[in-house]
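Dear colleague,

Here is the structure you are taking over. My notes on what was found in it follow below.

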Amino acid sequence: MGSAGDFFSDSQYETYWDPPYTADGVRVPGLPGYYDEGYFRAISPTTGLVVGGAPTSFGSPPGYPPGTAEFWTGAGPIRALPRLQEDGDADAFAAADDGRVGGCAVRDDVLKPVIWTGVR
């Protein structure tokens, strides 16, 4: 799990690799970010819960979505983790087998550490 890029579009997208580990991997349709890209950053040790983010850019134009913390269970779509405020960025960096996800989110223009629980 991780991200792969496209040289011509200059973007990254959520990707996983299974044996025999082909060079391209399998792209997973992600959530919209400012640059239409996303990243898998961590996977839980045994349950395969994958987390990451669809980032935005500081000072993004109005109408673009804020950065989104996201998770994927290995099947189905990537889903968003809740933000601390509707227009605040969020990102995820750690996943545990019990459904806890560690990351950060913006509230009142301040970046806060966050642990989401019960993520499945």
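A residue counts as buried when its relative accessible area is under 20%. By that cut-off Ser 44 is buried, because its relative accessible area is 3%. Please keep in mind throughout that this is a predicted model.

Ser 44 is found in the loop between strand S4 (39–43) and strand S5. Which residues does Ser 44 contact, leaving aside its neighbours within four places in sequence? They are Leu 49, Ala 95, Ala 96 and Asp 97. With Asp 97 there is also a polar contact, made side chain to side chain at 3.4 Å.

As for the chain as a whole, it has ten strands and zero helices. Read from the N terminus, the order of elements is therefore β-β-β-β-β-β-β-β-β-β. The chain has 120 residues, and 39% of them count as buried. Among contacts with a separation of 6 or more, 33% are between residues 24 or more positions apart.

Next, the aromatic rings. A search of the whole structure turns up one aromatic pair. The ring centres of Phe 40 and Trp 72 are 5.7 Å apart and the planes are at 10°, so the pair counts as stacked. Phe 40 belongs to strand S4 and Trp 72 to strand S6 (residues 68–72); the two are 32 residues apart, and the pair links distant parts of the chain. Both Phe 40 and Trp 72 are buried.

Sorted by class, the lining of the second largest pocket has eight nonpolar, four polar and two charged residues.

When you open the model, Ser 44 and its polar contact with Asp 97 can be looked at together.

Regards

Methods: Residues are numbered from 1 along each chain as its sequence is written. This is a predicted model: local features need pLDDT of at least 70, side-chain atom pairs count only at pLDDT 80 or more; totals for chains, interfaces and linings use all residues. Side-chain values use heavy atoms; hydrogens and water are left out. Ala, Val, Leu, Ile, Met, Phe, Trp, Tyr, Cys and Pro count as nonpolar, Asp, Glu, Lys and Arg as charged, and the others, Gly among them, as polar. Helices (H or I, at least four residues) and strands (E, at least two) are DSSP runs, numbered from the N terminus. Buried means under 20% relative accessible area, exposed over 50%, partly exposed in between (1.4 Å probe, protein chains only). A polar contact is a pair of N or O atoms within 3.5 Å; within protein, one must be able to donate a hydrogen and the other to accept it, and residues adjacent in sequence count only if both atoms are side-chain atoms. Contact means heavy atoms within 4.5 Å. Rings of Phe, Tyr and Trp (its six-membered ring) pair if their centres lie within 6.5 Å; planes under 30 degrees apart count as stacked, over 60 as edge-to-face and the rest as tilted.
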